[in-house]
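Let us walk through a protein model together, one question at a time. Keep the picture open as you read.

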Amino acid sequence: MNMTRRHQLTFELETLSIIAISACLGIVLAMYFHNHPKKISFPVMDTQLSPTPTAPPPPQVDSSSQTSPDGTKKLTMTITSKNDADTKSYIFTTTDADGSNQQQIYTAILPPTESLTIPFNTWSPDNKYIFLQHNTKEGNEALVLRANGEPMTETDQSFNAATLFAARGTPYTYQETTGWASETLLIFNTTNADGTKGPSYWLEVPSKAVIQLSTEF
Amino acid sequence: MSKKSHPKKKSLSKTRAKKTNFFSFFKKFVVAVFVGCLFFIGTTIILQKKAQAVPCANSKSCVSDLSEKIENNATGTFAGRTVTAPTIDPNAKSTHLVLGDNTKREDKHIYVDLSTQTLYAYQGNNLFMKTLVATGKWGKTPVGNFHIWEKLVSTRMAGGEGADAYDLPNVPYVMYFYHDFGLHGAYWHDNFGHTMSHGCVNMRQVDAKQLYEWADAPSGDTPGTAVSVCNQVTGNRQCVQNNPIQ
């Protein structure tokens with residue numbers, strides 16, 4: 001009798017264990033499939049059509065421009081190569097959308113190893129500031145200017161966000177300015193000493209304060 | 001006799017025991033498979049429902065209403081800063097009528113590539129627009145295939161909590177495609193090409209205006225312009241979507 005009861009108990013315990021194990025297995029499998037979904041790829045358009053790939057606009061070697069986000073202003077960069085080809089001169093002008101109110105706001109002469117470019121997000125949302133990307137052998141920097149051509153500091157037409165950040169002596173290296181978080185806040189990314197992504201920062205343009213962010217951009 | 005029958009009985013009981021063992025094992029196996037399947041299906045359903053429960057893009061305005069609002073001279077807040085809203089022409093009313101090309105409305109398709117933060121707008125095979133946008137950072141932009149269900153020339157969007165709270169009047173050129181997730185102009189930042197929204201697709205005002213005038217709202221039985229939010233858009237306009245909502 002005792003033996004039978006023990007036998008029954010063992011049997012029930014065994015069954016319960018198996019049920020518990022299979023339940024766990026079911027949950028684990030479900031979670032796995034949920035976290036590793038099959039990629040679905042489907043043609044959204046009729047595949048019989050032969051879409052014309054859109055060629056990017058031909059590169060403008062001597063001139064490029066960027067419209068402000070509200071479409072009312074335009075920043076144009078004109079590059080002139082010197083005869084000896086040792087330097088290039090850059091002239092930046094702003095105009096209204098219709099081309100009126102032209103104003104030269106910044107000029108620079110650079111060796112062939114350096115260049116200036118207008119980023120997509122160059123204009124501050126209120127069109128009061130712009131930033132330019134200065135490309136050098138070592139990396140890139142951001143030059144911040146007033147869109148009306150007035151100087152940024154008592155002595156300079158612009159200030160350099162990378163230099164400003166380096167002077168703070170953080171363990172991070174300036175990497176790239178992505179754009180404007182608000183009318184006066186520039187967002188830039190940094191790298192760690194080992195080259196991995198570091199924290200992102202805000203640069204408050206009027207006060208030149210640098211604020212570390214908890215969010216990475 | 002008894003000596004002769006004993007081995008037979010023994011083998012009979014052995015066979016019975018084997019049979020009992022087999023059935024017992026089979027029973028356990030069936031129960032295990034059944035329970036496993038039950039838990040698998042249950043967990044899958046729960047996880048899918050959880051994944052598909054998409055919150056609002058704008059936690060406050062989503063609940064209040066999604067109607068047209070023109071509030072000229074109002075100021076908004078974003079990232080703890082006061083922002084100046086653009087002036088909206090009160091005569092440029094929202095419309096369900098088609099502002100674009102009525103005859104070819106079915107050919108229009110907007111693709112949003114989340115991997116490159118790029119928007120493509122096609123009419124047939126012709127690229128109408130290609131521009132950088134800013135999609136969800138603080139909330140996910142829903143992946144899937146939708147249609148514009150409402151076009152508003154301007155509305156107020158509000159949401160977030162604490163330092164993340166925002167309240168933005170005169171958000172221009174709004175094209176809702178899924179609940180309160182929409183394509184719209186963003187005047188409070190200029191960081192396109194990077195995630196920067198609470199789930200909507202932020203565009204430069206200049207681009208949003210152009211797209212708003214081109215895209216179609218639903219009209220009668222005809223749905224609005226198609227919008228595909230893709231994890232990636234590969235060559236030949238292949239929209240790769242992981243776990244699309246619809």
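Buried means under 20% relative accessible area, and exposed means over 50%. The model here is predicted.

Q: Is T155(B) buried or exposed?
A: The cut-off for buried is under 20% relative accessible area. T155(B) has a relative accessible area of 0%, so T155(B) is buried.

Q: Which strand of chain B holds T155(B)?
A: Look along chain B at residues 150-159. These residues form a strand, and T155(B) lies in it. The strand is β7 of chain B.

Q: Which backbone oxygen does the side chain of T155(B) reach?
A: A polar contact needs N or O atoms within 3.5 Å. The side chain of T155(B) reaches a backbone oxygen at 2.7 Å. That oxygen belongs to S67(B).

Q: How many helices and strands does chain B have?
A: Now take chain B as a whole. Its secondary structure contains both helices and strands. The totals are three helices and 13 strands.

Q: What percentage of the residues of chain B count as buried?
A: Chain B has 246 residues. A residue counts as buried under 20% relative accessible area. In chain B the share is 46%.

Q: In which sense do β4 and β5 of chain A pair?
A: Turn to chain A. Strand β4 covers residues 88-96, and strand β5 covers residues 103-110. Seven bridges link β4(A) and β5(A), and one joins T93(A) to Q104(A). The sense is antiparallel.

Q: Which residue in the turn of the β4(A)-β5(A) hairpin has a positive phi?
A: Six residues sit between β4(A) and β5(A). One residue in this turn has a phi of about 95 degrees. It is G99(A).

Q: What is the strand order of the open four-stranded sheet in chain A?
A: The pairing in this sheet is antiparallel. The edge strands, β6 (115-117) and β9 (158-160) of chain A, each pair on one side only. Neighbouring strands are turned by 30 degrees against each other on average, direction ignored. The order is β6-β7-β8-β9.

Q: What is the bridge partner of L116(A) in β7(A)?
A: β6(A) pairs with β7(A), residues 129-135, over three bridges. The sense of this pairing is antiparallel. The partner of L116(A) is H134(A).

Definitions and conventions
Residues numbered from 1 in each chain as written. Chains lettered and ligands numbered in written order. Predicted model: local features only at pLDDT ≥ 70, side-chain atom pairs only at ≥ 80, totals over all residues. Heavy atoms only, no water. Pairing = 2+ DSSP bridges. Helix = DSSP H or I, 4+ residues; strand = E, 2+ residues; numbered from the N terminus. Buried < 20%, exposed > 50% of the residue type's maximum accessible area, 1.4 Å probe, protein only. Polar contact = N/O pair within 3.5 Å; in protein donor to acceptor, adjacent residues only side chain to side chain. Axes fitted to C-alpha atoms, helices over the stretch in contact; angles between N-to-C directions.
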